[in-house]
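Dear colleague,

After it come my notes on what was found, grouped by topic.

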Amino acid sequence: MTQHPAALDLARALADRLAHPDNVPHGPGWWRQSLAHGLPGIALLHIELAATGHRPWQRAHDWLTAAARQPFTSGPDSHPFYGAPAFAHVLACAADHLPGSYQRALDALDAQMTMDVNRRLSAARRRMDAERLPVLAEFDVIRGLTGYGAYLLRRTGDSDVVRAVLDYCVQLTEPLTDGRDVLPGWWTDTRPSGRMDDTFPGGHANSGMAHGIGGVLALLALAARRGILVDGHHRVLYTILRWLDRWQEETGSGPAWPYWVTRDALHRGRPAAFTPRRPSWCYGTAGLARAQQLAALALGDITRQIKAERALVAALTDPAQLKATTDNGLCHGMASLAHIAARTAQDAHASTAGQLQATIPPLLTAICPPGTDTITAADAVVSGDAGAGLLDGAAGIALALLTPATGTPPRTAWDACLLLT
């Protein structure tokens, strides 16, 4: 049963506006190989709609064909959201529902990705042996080994390469000494953009799902829930959870976590006073609450599970945090919050599931107020500054609306690239 018809209508209208690649304006950030901004992310929308029977498979084929007209970048210049790895995720989502299709291409992509991961792991081991700090792109979800692990966990299951990535994640949490400071192993000496900057003297420890330890926590938790464990697996889950406990902030309505911990905060031993900010997937409480819920489920820690779920309820009902959420996109907007609430509710404890479900209608209404002309709204989204892509634009908004609007989980694993499942 459709829970919010207007939101579902908007998702379908967005998909119809993106029906064929020849009819979509190619604005700034239009990258053929980019899962975040380009053709693969839009193909992902049409694959999900085809798998659910809402739209024809031909649209998915058209977008996949457009994306594959030229060879994809692989090797050092590619990463989970760009090039061959990005296309592999999208193609695998289609192949799951079209038995026998795309297998030769996927086998070749998987082989290339395994080579790339092994090369990256070797570089990471050399860096660790030299006791140097990592860069974010070594381990994060968007560009690094956590993102590769998300794909390979789904594709290859309990394989040598998946175990090697999980071993790396365990090693990443080993503390490092830098002068008088003992730093967590994922500390980087750059700013969150990955660039050196005097505004981040001494670097930072990134908390987020997209670029920080939240993504590592989610990957380890998802592997553990599948029964895939390496030495130190549970210990490291608790290591990361205790770090988040240490830096937890109080909002007045519930807990939240800083986007990052600076050297100054480390010296003070406490986070700064909480300032309302968006509770997004990429950095905010929504993504981190889901990661902590997954970890608690993997550990069988009901108390911690309920705590994470209540944190998400608090964030999604806090007017100040919602006011700070100024767009509808998948990365850090309202649609993302609705999708994460729906995903979290599906796994929630009986005491919090209803509370999580109750947060969804107001979020969808904020996106689709009463009287919304969904066709006009879809045109405005696609032609707007955010464009048509997955992370910020129309395709991501449409995908994120489907599960909360219908009350049914995705048919494909499209959000596995976000480590939400």
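Helices here are DSSP runs of H or I with at least four residues, strands are runs of E with at least two, and both are numbered from the N terminus. Those buried residues of α8 are Val-161, Val-162, Val-165, Leu-166, Tyr-168, Cys-169, Val-170 and Leu-172. The end C-alpha atoms of α8 (residues 160–172) are 18 Å apart, which agrees with the 18 Å that its 13 residues should span at 1.5 Å a residue; the expected span is 1.5 Å times one less than the number of residues.

Please keep in mind that this is a predicted model, in which local features need pLDDT of at least 70 and side-chain atom pairs count only at pLDDT 80 or more, while totals for chains, interfaces and linings use all residues. Residues are numbered from 1 along each chain as its sequence is written, and side-chain values use heavy atoms, with hydrogens and water left out.

Next, the helix packing. Two packed helices are described by the angle between their axes and by the distance between the axes. For α7 and α8 the angle is about 145 degrees and the axes are 9 Å apart, where axes are lines fitted to C-alpha atoms, for helices over the stretch in contact, and angles run from 0 to 180 degrees between N-to-C directions. Their crossing is left-handed, a term used if the near helix is turned anticlockwise from the far one by less than a right angle, with right-handed used if it is clockwise. Leu-145, Gly-149, Leu-152, Leu-153 and Thr-156 of α7 make the contact with Val-161, Val-162, Val-165 and Tyr-168 of α8, contact meaning heavy atoms within 4.5 Å. Seven of the residues in this contact of α7 with α8 are nonpolar, two are polar and none is charged; Ala, Val, Leu, Ile, Met, Phe, Trp, Tyr, Cys and Pro count as nonpolar, Asp, Glu, Lys and Arg as charged, and the others, Gly among them, as polar.

Helix α10 (residues 233–246) packs with helix α12 (residues 285–299) at an angle of about 145 degrees, their axes being 11 Å apart, and the crossing of α10 and α12 is left-handed. On the α10 side the contact is made by His-234, Leu-237, Tyr-238, Leu-241 and Leu-244, and on the α12 side by Leu-288, Gln-292, Ala-295, Ala-298 and Leu-299. The contact of α10 with α12 contains eight nonpolar residues, two polar and no charged.

Turning to charged pairs, the structure holds 19 salt bridges, a salt bridge being a side-chain nitrogen of Lys or Arg within 4 Å of a carboxyl oxygen of Asp or Glu. One of them joins the side chains of Arg-17 and Asp-379, at 2.9 Å from N to O. This pair links distant parts of the chain, since Arg-17 is in helix α1 (residues 5–17) and Asp-379 in helix α17 (residues 374–383), 362 residues apart. Arg-17 is partly exposed at 25% relative accessibility, and Asp-379 is partly exposed at 33%.

Asp-245 forms a salt bridge with Lys-307, with the closest N and O atoms 3.2 Å apart. Because Asp-245 lies in helix α10 and Lys-307 in helix α13 (residues 302–316), the pair ties together parts that are 62 residues apart in sequence.

Within helix α11 (residues 263–268), Arg-268 and Asp-264 are four residues apart and so are separated by about one helical turn; in their salt bridge the closest N and O atoms are 2.4 Å apart. Arg-268 is partly exposed at 33%, as is Asp-264 at 48%.

Tyr-102, in the loop between α4 (84–95) and α5, has a phi near 65 degrees, a positive value in a residue other than glycine. Glu-131, in the loop between α5 and α6, has a phi near 55 degrees, again positive in a residue other than glycine, and counts as exposed at 65% relative accessibility.

With kind regards

Note on methods: Buried < 20%, exposed > 50% of the residue type's maximum accessible area, 1.4 Å probe, protein only.
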